[in-house]
Amino acid sequence: MKENKVLSTEVEELESNVEIIDSSVEDNLIDENDAVEEITDSKISKEKDSLDVEFVEDDNGNRRIKPMLDYEAISNTADVEVPPLLIDQVIGHEESVETIKKAAKQRRNVLLIGDPGVGKSMLAKGMAELLPPEVLEDVLVYPNGEDSNYPLIRTVPAGQGKKIVKANKANVKSGDEKKMMITMFATAAIFVLGILYQRIFEAIIAVLLVIFISMQIKPKSTNMAPKLLVNNGDKRFAPFMDATGAHAGALLGDVRHDPYQSGGLGTPAHERVESGMIHKAHKGVLYIDEIGTMSMKTQQELLSAMQEKKYSITGQSENSSGAMVRSQAVPCDFVLVASGNIQVLEGMHIAMRSRIRGYGYEVFMKDYMEDNEENRKKLVQFVAQEIKNDGRIPHFATDALDEIILEAKRRSGRKNSLTLRLRELGGLVRSSGDVAIEEGVDLVSAEHVITAKKFSRTLEQQIVDRSIVQRKEYSVFYSSGGKIGMVNGLAVMGDRSGIVMPIAAEMAPANSKNEGKIIVTGKLGEIALDSVQNVSAIIKKYTQVDISNHDIHVQFLQSYDGVEGDSASVSITAAVISAVEGIPIDQSIALTGSLSVRGDVMPIGGATSKIEAAAEAGIKKVLLPKSNMEDVMLEKKYEDMIEIVPIETIEDVLENILINGSKKERLIQKMREISGVVTSKVSTDAMNLSKPSHN
């Protein structure tokens, strides 16, 4: 009886635990449902806020972009106000602008990291306008009577240096005039005496000697006249010096070489001293792009100048007089704005970056901004700024502005985004203006922008276009029919130039037993090679073919520039499975996508460029990761040329790309069974976790 009571008590406890677990699971399910509803509501709200591109037809049946903004306030960019300060002309970098304003107020150093063309130099120039008002100074260099190789430095208020030099030049001119008068009087007297005493020959020799002595005698005022080293007399704002790519002499100052250094014929040492950009940037901004390319020695010297706020000028170049001349320390209290891409950090001196980080700010500049009405208006302002700065192109009509906004969407490569690589977009603006000028019109229209796209293509795009023509001529890839182990992958050259990349796979006996492997050729990078290893896991899982006695060869055809990234992993998997199972692939289809080891298709970059390249090559259908569908911004001419099919798993890929037949049906069925077994097992394991053990 006692044992039964104990058992009964244990059963009651277990039942109670089950109720608690069931209640917990139910609560979790409710929480998950609430979370899903919350995410769904958020997604719907976000979709409502996002601005989609819509097209409309005009009275003539032409398809045009629906206006992307309410242009009631403006008829063209002539009605757009351009801010007077550069800092207010920076587009899409609100956080960076705020940081720059703080840095300018406190005179802090700044490191700007970002892609080329996103506005780093513009931010640096804008910072110079924001620096607090300082008393600018002129710098004069004087000869040193005690040591001619150690010129003296003197600073005076801006504008005074020029007056001092001018006054000294006036004294020198007066001295030269006196010397000339004395020389003329002496030569005349000698000639008169020579004639009186009939010693003409001796008189001529004496005159030549007097002239020679006169040339060698220099008034004291000439030797003591200062040289204006730094002139800030005509500057309204703090100085801005762009020292990008400057050699050591131009950056730190130098001493000119003098071939006549002896016998009193040479140029005085202080006249040969030349200021560097660090001295000209005194009380202002020194901007250096790609600072990591500067030599370590120069970076060390620059760091010393930053710390001491003054730097002596001596010979820095091979042709200078070297260490023989070294001036007093010249003031160089500047704010350093260094910039570059993320790789530039590898070449930066550790102490240099430490000083910037400790006494300033590091700013990472993004290359895209959210696509909303406010940012579209900023793009319109950008176009107006480019027109004003260029000064040679006409203003843009509203339909041309729509085309620019659309191109900004396409070039961003992201859903609901606009590009911030505005230097390249500015090139399109200027090209469009040039096209309009050729036609002799007063306003740039949408047609001019579309035409300008052909002329403003990058070198990579031109190379790709030529490559596509050549590949069509030599049939490197196929755009119809079926091939076993042959697939049309898609890749991107440069920034946004798509290209068709054929991939071939073949299975052959291994060189030795139990050492089967995948062998890939075609100049692959590290990431691409790693993705191949993931592919081998998918093949083993879904084909269930023992490949230990076989080698699988994969070749990227004509990949002269190399292949990097994992966006070809879906294509490799399709080609290998086709080769292993002997099922042909439809050559009218191209595909791209990254593949996880579980067989899920993940997003890739350059979706639009890849699809357009496939269309140009005669491909009829493209398989694209479902998560990339909103990234696609095709030009009008491609929309009817190609079909886009979203894919989520490797099963979706094979169902669409393999040619129908009994082998395909058996493979797909086998894959579904494998996936079903895995799903079932996961569900069973989850149920087992929720049940208490009675052991």
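**View 1. Lys610 sits in helix α18, which spans residues 607–616.** Helices here are DSSP runs of H or I with at least four residues, strands are runs of E with at least two, and both are numbered from the N terminus. This is a predicted model, so local features need pLDDT of at least 70 and side-chain atom pairs count only at pLDDT 80 or more, while totals for chains, interfaces and linings use all residues. Residues are numbered from 1 along each chain as its sequence is written, and side-chain values use heavy atoms, with hydrogens and water left out. Lys610 counts as buried because its relative accessibility is 3% (buried is under 20% relative accessible area, exposed over 50%, partly exposed in between, with a 1.4 Å probe and protein chains only). Not counting residues up to four places away in sequence, Lys610 touches Leu490, Ala491, Val492, Gly498, Ser567, Thr592, Ile604 and Gly605; a contact means heavy atoms within 4.5 Å.

**View 2. Ser567 and Lys610 carry the "active site" label in UniProt, from an unreviewed entry.** UniProt positions follow the numbering used here, with shortened feature names, and annotations may be inferred rather than shown by experiment. The two residues are spread over 44 residues of sequence, yet they cluster in space, with a largest C-alpha distance of 11.0 Å. Ser567 is in the loop between β23 (550–556) and α17 (569–581). At 18% relative accessibility, Ser567 counts as buried. Leaving aside neighbours within four places in sequence, the contacts of Ser567 are Thr592, Gly593, Ser594, Ile604 and Lys610.

**View 3. Lys309 and Asp333 pair up through their side chains in a salt bridge, at 3.5 Å from N to O.** Lys309 is in the loop between α9 (296–308) and β11 (310–314), and Asp333 is in the loop between β12 (326–331) and β13 (335–340), so the pair ties together parts that are 24 residues apart in sequence. A salt bridge is a side-chain nitrogen of Lys or Arg within 4 Å of a carboxyl oxygen of Asp or Glu. Lys309 counts as partly exposed, at 41% relative accessibility, whereas Asp333 counts as buried, at 17%.

Asp333 also turns up among the contacts of Lys283, along with Arg107, Leu131, Glu134, Val135, Leu136, Ala238 and Pro239, leaving aside neighbours of Lys283 within four places in sequence. You'll find Lys283 in the loop between α8 (277–280) and β10 (285–289), buried with a relative accessible area of 16%.

**View 4. Glu407 and Arg410 form a salt bridge at 3.3 Å, N to O.** Both lie in helix α12 (residues 398–412), three residues apart, or about one turn of the helix. Glu407 is buried, and Arg410 is buried too. Zoom out a bit and this pair belongs to a salt-bridge network that links Glu403, Glu407, Arg410, Arg411, Lys453, Glu612 and Glu635. A search of the whole structure turns up 24 salt bridges. Another one joins Arg376 and Asp371 at 2.8 Å, N to O, and both of these residues are buried.

**View 5. Lys415 is in the loop between α12 and β17 (417–419).** Lys415 counts as partly exposed, at 35% relative accessibility. Lys415 and Val632 are 217 residues apart in sequence but 7.9 Å apart in space, C-alpha to C-alpha. Leaving aside neighbours within four places in sequence, Lys415 is in contact with Ser627, Glu630 and Asp631.

**View 6. Seven side chains make a nonpolar surface patch: Phe191, Ile195, Ile200, Ile204, Leu208, Ile211 and Met215.** Together they have about 660 Å² of accessible area, computed by the Shrake-Rupley method with a 1.4 Å probe, where only the protein chains shown count as cover for residues. Patches take residues with over 30% relative accessible area and no salt bridge, joining like charges within 9 Å and nonpolar side chains (Val, Leu, Ile, Met, Phe, Trp, Tyr) within 5 Å. Helices α4 (160–196) and α5 (200–216) each supply at least two residues, and α5 gives the most, with five. Phe191 is in α4 and counts as partly exposed, at 38% relative accessibility.

**View 7. The mean pLDDT of the protein is 80, and 78% of its residues reach 70 or more.** The pLDDT is the predictor's confidence in each residue, from 0 to 100. Over residues 1–50 the pLDDT is below 50, and this stretch has six contacts in the model beyond near neighbours in sequence. Residues 678–695 also have pLDDT below 50, with five contacts beyond near neighbours in sequence.
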